[in-house]
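Hi everyone, thanks for making time this morning. I'd like to walk you through one model, starting with a single chain and ending with how the copies sit together.

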There are 2 protein chains.
Amino acid sequence: MWGACAPVGRAAATGGYRRLPFAGAEVELRHWFAEAAAARGLALAADPFGNLVAWWRPEGPDGARPGVLTGSHLDSVVDGGAFDGPLGVVSALAAVDRLRERGVVPARPLGVAVLAAEEGSRFPVACLGSRLATGALPWERARELRDADGTALPDAMAAAGLDPSAAEAGAGSDVADPDRVACFLELHVEQGRDLVDRGAAVGAASGIWPHGRYRFDFTGRADHAGTTRMEDRRDPMLTYAMTALAANKQARVAGQRATFGRVEVAPNGTNAVPSRVTGWMDARADSEAGLAELVDAVVRLGSDRAGRDGTALDVVPESVQAAVAFDADLTARLAGPRGWPVVPTAAGHDAGVLAEAGVPTAMLFVRNPTGVSHAPDEHAEVADCLAGVAALADCLQELVS
Amino acid sequence: MWGACAPVGRAAATGGYRRLPFAGAEVELRHWFAEAAAARGLALAADPFGNLVAWWRPEGPDGARPGVLTGSHLDSVVDGGAFDGPLGVVSALAAVDRLRERGVVPARPLGVAVLAAEEGSRFPVACLGSRLATGALPWERARELRDADGTALPDAMAAAGLDPSAAEAGAGSDVADPDRVACFLELHVEQGRDLVDRGAAVGAASGIWPHGRYRFDFTGRADHAGTTRMEDRRDPMLTYAMTALAANKQARVAGQRATFGRVEVAPNGTNAVPSRVTGWMDARADSEAGLAELVDAVVRLGSDRAGRDGTALDVVPESVQAAVAFDADLTARLAGPRGWPVVPTAAGHDAGVLAEAGVPTAMLFVRNPTGVSHAPDEHAEVADCLAGVAALADCLQELVS
């Protein structure tokens, strides 16, 4: 399965993956998933929002019980790694194969899920599929989302061969419906070096740090870069630059995270002082109070500098995610007997969205020797991936029994 | 004429002009110019590089003498102002009309020039048309230039209805040929407030400050913005931000100019530490030694910071323009008797390229009450524009007599 997926959407120039949702490589992977489900005799169900579930449904009344859901996503950030997302989907299918080899007959349905548009790499909302499925994001708002080319979400879905008409008609999803889904278990490559430091191939997640994305609009005045004296300028690039440095410093001092990784400049000409610089800050902290303090400090420092630069700063929180605690009972039941470490993460996941919606949820991490993620160096050794499949299979066997 | 040009290429959202060379609005203005030339019985000549000259050629042997060339350009920066370029072209045509009203019979040809792609807003070389015409830029290098969409210059020219085959075949231009052009006079909106401070509607230019465009490539390591500890990062955004601030400070202290107005980030994702940030520095100084000192200081400060950030900085000078002195005799002959102030400028112009190629060249500036340029606020009052036309007509009448 890994051999089938590895070449899809890989950019030769960077070695990174470009699997933006509802287009090209990501659509190819959806087709691959549908074929993999069909090859296993799993019944593929699509919800109105582009989420897919391949169900292994036992005969008789057991088939109508709330099921165990596992899986992850197939989209990537721009120039992302191979493992973030696909490892959870491939491992889930491999775990199904293991259970069948073991002769397991599930006492409730087992579903392998592909949740749509997790990364927010095309439309500016992360975990789009799970947020729509849980109702955390209403379709009425999502349908207005546009990508960088101006394509609206429903049009992007239609262009990818999906049918947004059910969503338009107000239909919901059963991915977070307690009558259909008893619990969710997501396996994911670790996005840090915690398991490396602990010498463990597999671990479980305790929860997710609160985090948010904040759009910083710095507005100044466009001017000729040659003829305008430095002291006559209102250059928003300066305010941006100082704010990006301040964010880094504040986060470093507080042991939190703040990143300006995305910038857009208008008019973005070499010989023009910009009229506007927009930077997006990704901020995460170990507590909600810590996150608020961090963001407040950066906004305050940026606004002070704007006053000195003659520019204006406007900050819009585009998405703010509260702290998530995964189901402690479920996590303890899975990790405890196996001696797995239980560690927090600062990365958002569909598992977090489902947990927030009340679905009992746990996560497994597979060791990443580089600790690097969202980049081509993201990695997991084959032995660790196989340990992850074995761990997932053991957990699922326990949950469906 | 102004009414015909004003709506072309104006973006409703910003009020700025988007007349990128060899496309859309700029091509429309070329057609408008051809019609304006035809309406006046001027003979339109196109050189192999997209430069146009509308010739008013006297009968008999005077028509074979080297001519007086005037004009400017019709392309703009992204979201530029209405006056930078078109004012010189429209004023030149209006000056021809004045001379004819006065019954002037020229004793040598008078050409109104539209020089191509002056702003460097699409292909990364400013004054592309005049550089090609003078041989300052060989076609063999220019033909490799690509715009942001990857379109090569010859393909862009062909798509705009121009024919690059003459350039491909090695043909040259007569725009800077001393047998065809005796001198060049460019009228331009002022890009500063010198004439405002002096209370003059029209002035002449003494010369152009040396200036250059330098590409700063900051390379780091892509990482997940949530999970990578601040101290484990190699974030090129920080190095860029500090360098942009340092450039501003160095230029401010030295009374020179340095601007980072254009930035590209890879992968440019909110939740990814960038692998690369590229910023373009526009730098100008009142002497070549001053420019070298300014650039050296910024590169040194940026490199020092790169060492602390674990990133790398590579600097490529994309174009460096030596100081230009306009023809002192010509300038004195035109400005002296009329009492016009003679001021330097920090902006590059086709006039500077022609002057460097040995064409006796002068420039006239028309007062700009805002001092703003390359932006929608760029302005000139109607009375000042008419004063510019009268001044240009007087100069041309003297030169063609």
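So, to begin with burial: of the 401 residues in chain A, 61% count as buried. Please keep in mind that this is a predicted model.

Now the overall build. The secondary structure of chain A comes to 13 helices and 17 strands. Along its principal axes, the C-alpha trace of chain A spans about 80 × 45 × 40 Å. How does the radius of gyration fit in? For 401 residues, a compact globule would come out near 21 Å, and chain A has 22 Å, so the two agree.

On to charges. Chain A carries 37 positive and 52 negative side chains, and the centres of these two sets lie 3 Å apart.

Finally, the pair. Chain A superposes on chain B through a rotation of 180° with 0.0 Å of shift along the axis, at an RMSD of 0.1 Å. The two copies are therefore related as by a two-fold rotation axis. Which C-alpha of chain A is nearest the axis? That is A:Ala241, 2.2 Å from it. And the same surface serves both copies, as 100% of the contact residues of chain A recur in chain B.

Conventions
Residues are numbered from 1 along each chain as its sequence is written. Chains are lettered from A and ligands numbered from 1 in the order in which they are written. This is a predicted model: local features need pLDDT of at least 70, side-chain atom pairs count only at pLDDT 80 or more; totals for chains, interfaces and linings use all residues. Side-chain values use heavy atoms; hydrogens and water are left out. Helices (H or I, at least four residues) and strands (E, at least two) are DSSP runs, numbered from the N terminus. The radius of gyration is taken over C-alpha atoms; the globule rule is 2.2 Å times the number of residues to the power 0.38. Buried means under 20% relative accessible area, exposed over 50%, partly exposed in between (1.4 Å probe, protein chains only). Lys and Arg count as positive and Asp and Glu as negative; His and the chain ends are not counted. The place of a charge is taken as NZ of Lys, CZ of Arg, CG of Asp or CD of Glu. Copies are superposed by least squares on the C-alpha atoms of residues with pLDDT of at least 70 in both. Contact means heavy atoms within 4.5 Å.
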